[in-house]
Amino acid sequence: MKEQITNALSDFFFEYETPRQVLVRNRRVGVVCRLIQLGVLGYIIGWVFIYEKGYQSTETAISSVFTKMKGIGYTNVSGEERVWDEADYVFPSQGDSSFVVMTNYIITDGQKMGRCPELHGKKNCSSNADCEGGSFKRTGHGQMTGVCVNTTNTCEVLAWCPVEDDHKIPDPALLMSAENYTLFIKNSVTFPLFEVSRSNLVEGIDGAYISKCLYDPEKAPLCPIFRLGDIVKLSGFSFETIARVGGAIGIVIDWTCNFDVDVTHCKPYYTFHGLYGKSDEKDRAKASVGYNFRFAKYYLEDKIAKRTLIKVFGIRLDIIVQSLARKFDIIPTLTAIGSGVGIFGVATVVCDLVLLYLLPKREFYKNMKFKYTDTQTQVSSMLYMN
């Protein structure tokens, strides 16, 4: 046992293996080897270098977006005429990359804190026992007082009265004129690694051009001014439907740039996508359709606090910037080449397996490929010959 361990340690420390080149004239093995090498070469050139562009380094951009809506809306509700401008229908009004354009609304005027019957369908009752005083209904408007109002057969609530009735949404939308509103987008991106900054107001987009252009994917793909109706149409929505109940649209600005060519070729590409599904006829069975929110305007009347509650149905616009810039870099190039050269070894491994374990003459090939030499034996042989 001791001798075996000693021999094993001796072999490990004092033996050296070196590759031996054996030229095998076998058509099958030769074809397999060349096909594998050809596949590896195709992978390196086609996938790594051409498709994945493994010779370039990449970076995403730091982005900033500024927006501005323009357009005038007009409504005539029950003989009351009103003109709406940007300060009335854009929420928030600071020009963020995510905002809402109001297209429809329900106004409840003159609300004040007090007791009044709940809206029919929120909490119906036949007696006071059906109205638990001090409790709330999740979809209700206030706190129940414990009284059942006989005239409406609903529970009395402590709330802003009269309560809002939003069962009937105006159809068609009150602000159908919003279809002709325009959106101006100003976007700048910076690639710190490559020290390049770009704006969507690229070469040729000046004040004179902006004053008369309107975005069109074919005729004016770089114009930064978009008609709201066109945005809705390009996202796959029907403006009549989305204007009535609201919806959400994503405007994607894509910056895919190759800085191995002139930076003037780095230009934005706009796409439009309907978010959260489409508010069409098929989507009415869904749990929540459209987009809406509420806000209130508070005031004093005869020293009594009152408010005007407005339920807004609108188009939420989310401007999303995605970017990827590339430029030649020697380090990823050498890394890709080195990994490719390493993969070439797969051909040798496969062919060796075929030679040594699958072919009928595998024992012959093993003897040709592997040769064991012993220094002591060689020295004895040389002394004997002498």
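Me: How do β6 and β15 pair, parallel or antiparallel?
Reply: In this predicted model, strand β6 (residues 98-117) and strand β15 (residues 304-328) pair in the antiparallel sense, over 12 bridges.

Me: Which residue of β15 stands opposite V101?
Reply: V101 faces I315 across that pairing.

Me: Over how many bridges does β6 pair with β8?
Reply: The pairing of β6 with strand β8 (residues 154-161) extends over 6 bridges and is antiparallel. Within it, G114 is placed opposite A159 of β8.

Me: And what about β5 with β6?
Reply: Strand β5 (residues 90-91) joins β6 through 2 bridges, in the antiparallel sense. F91 stands opposite V100 in β6.

Me: Which residue in the hairpin of β5 and β6 takes a positive phi?
Reply: That residue is G95, with a phi near 85°. The hairpin has 6 residues between the strands.

Me: Turning to the helices, at what angle do α2 and α7 cross?
Reply: The axes of helix α2 (residues 27-51) and helix α7 (residues 330-358) cross at roughly 160° and come within 9 Å. Because angles over 145 degrees count as roughly antiparallel, α2 is roughly antiparallel to α7.

Me: Is that crossing left-handed or right-handed?
Reply: α2 passes α7 in a right-handed crossing.

Me: How many residues of that contact are nonpolar, polar or charged?
Reply: The contact of α2 with α7 comprises 21 nonpolar residues and 3 polar ones, with no charged residues.

Key
Residues numbered from 1 in each chain as written. Predicted model: local features only at pLDDT ≥ 70, side-chain atom pairs only at ≥ 80, totals over all residues. Heavy atoms only, no water. Pairing = 2+ DSSP bridges. Helix = DSSP H or I, 4+ residues; strand = E, 2+ residues; numbered from the N terminus. Axes fitted to C-alpha atoms, helices over the stretch in contact; angles between N-to-C directions. Parallel < 35°, antiparallel > 145°, perpendicular 65-115°, else oblique. Left-handed = near helix turned anticlockwise from the far one by under 90°. Nonpolar A, V, L, I, M, F, W, Y, C, P; charged D, E, K, R; others polar.
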